[in-house]
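This report describes the strand, core, aromatic and charged-pair features of a single model. The structure is shown first, and the report follows.

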Amino acid sequence: MDVLLLGQQPKCSTSPLETQFPFSLGFFSQQPVPCGFGHVRNYACKGMVDLLFNVILVVVWKIFNGVKLQLIELKHPWTQSSKSNNGRRIGHCTEVPRNVNMENLQSGYLFPEIFKRESEHIQKFPDASLIRLGIGDTTEPIPDIITSAMAEHAFSLSTIQGYKGYGAEQGNMALRKAIADTFYKDMGLKGNEIFVSDGAQCDISRLQMLLGSSVTVAVQDPSFPAYIDSSVIVGQAGKFQPKTEKYKNIVYMNCTPENGFFPDLSTTPRTNIIFFCSPNNPTGHAASWQQLKQLVEFAKANGSIIIYDSAYAAYISDASPRSIFEIPGAREVAIEISSFSKLAGFTGVRLGWTVVPEELVYSNGYPVIKDFDRIVCTCFNGASNIAQAGGLVCLSPDGYQALNSVVGYYKENAKIIVDTFESRGLKVYGGKNAPYAWVHFPGQSSWNTFAEILEKTDIVTIPGRGFGPGGEEYIRVSAFGHRECIMEASRRLKNFYS
């Protein structure tokens, strides 16, 4: 505490205590106090009185703060010490309020929660041989032809001739053209309509930033959780409704076996944005040409924009469309996001793309592509040039053939998993056009089924409820795994359900 000596002038501005207790020292002095607490006026007759009062105020202030901090701890237990495992510490708090949209999120994101349960299981059973068929992470090596190109590019950065710094935020034009030629050749899309990125999930958030908080949103139920969580974070979702376990302002399009995993659009309310994933994660269902035609017509009639996620298109084995742009009129109503993650094993390398057609415009006629270009240039410095070098080779004839071999390997894994559950009388969906099996356990909680399988077989799956209310009674089983692990998982599951 500073003490102002006789004859000195005040040297500080209003203190926190004076702000909280405006009566301050002026209550006892004949003149107002010109500065903050802790200073004794240069009146000898008042000095001791003011000093005594300052001491009393200090004591009261400390007691008040202690009580206030305790109340904060009781109201918000996550503000306690990290020793209590809730992630926040006791100490100085800023005056910055927490984003109310973050407070509106329910629990943690699904996949970190799965990792947490894995860790708890390993602590409980340290000798367990865990098989992870939960998180959709690729396991097989990237073909040499692709990694060699990335290594060569990386080494070239050590030379004067080969060094490159920043690239175009939208991506290497050679790669953009290769994506257009490989996946959209007969659909009229051009390289400048392709935006290369660090992955589809990152692009979901960039699109949400583009669209803003005032739009209305519809999602498949069940669906990839990033669609809903990102909608909550940007403020589109409204309050969470505990009774329905849904967000008030999000339209949940029910996708079940009863409706062929395609929503009844005749009863679906109009929204600005429709998130749609095909092949669907988690159900594995690939929408037919006729179904997507209905979706495009629905979006056009309602003036909506479809955000179409085709991250698993490489796994389609039948005549189902691999892109929304195979449907006439889609260029006027759709954006497509996709990824090299499951196609090329780039889950760690990070490379994806978003297609924004030039024909797609807002209600005022302004092209969406121009705004997305601004978002990308503002929020992103471009995908790694090493990753883009790999992506370019992925789309070469030899590289693409090598990728298809790995995709075929995962498809065989999926068939083994589907056959395993079906052999025990369980109904299984997916696995044909996607690397996921969607297994039905009628009348059972999906989290309980997840826990039981983990406890009894040391196999990690994903509870269907994590993908939305429509996922209850299901688990998702991933086909990403080494063949010996898939075979061992099959053996354990058959024994467990025998």
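Which residues of β3 lie on one side and which on the other, and are they buried or exposed? Val-217, Val-219 and Asp-221 lie on one side, Ala-218 and Gln-220 lie on the other, and all are buried, so that both faces of β3 are covered.

## Basis of the report

The model is predicted: local features need pLDDT of at least 70, side-chain atom pairs count only at pLDDT 80 or more, and totals for chains, interfaces and linings use all residues. Residues are numbered from 1 along each chain as its sequence is written, and side-chain values use heavy atoms, with hydrogens and water left out.

## The seven-stranded sheet

Helices (H or I, at least four residues) and strands (E, at least two) are DSSP runs, numbered from the N terminus. Two strands are taken to pair if DSSP finds at least two bridges between them. Seven strands form an open sheet in the order β2-β10-β9-β8-β7-β3-β6, and the pairing is mixed. β2 and β6 (250-254) stand at the edges; each has a single partner strand, so one side of each is left without a neighbour in the sheet. From one strand to the next, the twist averages 20°; axes are lines fitted to C-alpha atoms, for helices over the stretch in contact, with angles from 0 to 180 degrees between N-to-C directions.

Strand β3 comprises residues 217-221, and five of its five residues are buried; buried means under 20% relative accessible area, exposed over 50%, and partly exposed in between, with a 1.4 Å probe and protein chains only. In a regular strand the side chains alternate between the two faces of the sheet. β3 pairs with β6 in the parallel sense over five bridges, and Asp-221 has Asn-254 as its bridge partner in β6. Three bridges join β3 to β7, and these strands also run parallel; here Val-219 stands opposite Phe-275. β7 (residues 273-277) in turn pairs with β8 over five parallel bridges, where Phe-275 has Ile-307 as its bridge partner.

## Nonpolar cores

A nonpolar core is a set of buried Ala, Val, Leu, Ile, Met, Phe, Trp, Tyr and Cys residues joined through side-chain atoms within 4.5 Å. The largest such core has 101 residues, of which Ile-179, Tyr-184, Ile-306, Phe-325, Phe-340 and Phe-346 touch the most other members. Leaving aside neighbours within four places in sequence, Tyr-184 is in contact with Ile-179, Leu-189, Ile-194, Ser-323, Phe-325, Glu-336, Trp-353 and Val-355, contact meaning heavy atoms within 4.5 Å. A second, separate core of 20 residues includes Leu-133, Val-418, Val-428 and Phe-441.

## Aromatic pairs

Rings of Phe, Tyr and Trp (its six-membered ring) pair if their centres lie within 6.5 Å; planes under 30 degrees apart count as stacked, over 60 as edge-to-face and the rest as tilted. The count is 26 aromatic pairs. Phe-183 and Trp-353 are stacked, at 5.0 Å centre to centre and 20° between the planes. Because Phe-183 lies in helix α6 and Trp-353 in strand β10 (residues 352-355), the pair ties together parts that are 170 residues apart in sequence. Trp-353 is buried, at 2% relative accessibility.

Phe-240 and Tyr-247 form an edge-to-face pair, with 5.1 Å between centres and 65° between the planes. Phe-240 is partly exposed at 22%, whereas Tyr-247 is buried at 5%. One aromatic cluster consists of Phe-111, Phe-224, Tyr-227, Phe-261, Phe-275, Tyr-429, Trp-438, Phe-467 and Tyr-474.

## Salt bridges

A salt bridge is a side-chain nitrogen of Lys or Arg within 4 Å of a carboxyl oxygen of Asp or Glu; the count comes to 17. One network of salt bridges links Lys-190, Glu-193, Arg-331, Glu-358 and Glu-359. Arg-331 meets Glu-193 at 3.2 Å, N to O. This pair links the loop between β8 (305-309) and β9 (334-339) to the loop between α6 (173-183) and β2 (194-197), its residues being 138 apart. Both Arg-331 and Glu-193 are buried.

Arg-465 forms a salt bridge with Glu-245, with 2.4 Å between the closest N and O atoms. Arg-465 lies in the loop between β14 (462-463) and β15 (474-478), and Glu-245 in the loop between β4 (240-241) and β5 (246-247), 220 residues apart. Arg-465 is buried at 17% relative accessible area, and Glu-245 is partly exposed at 38%.
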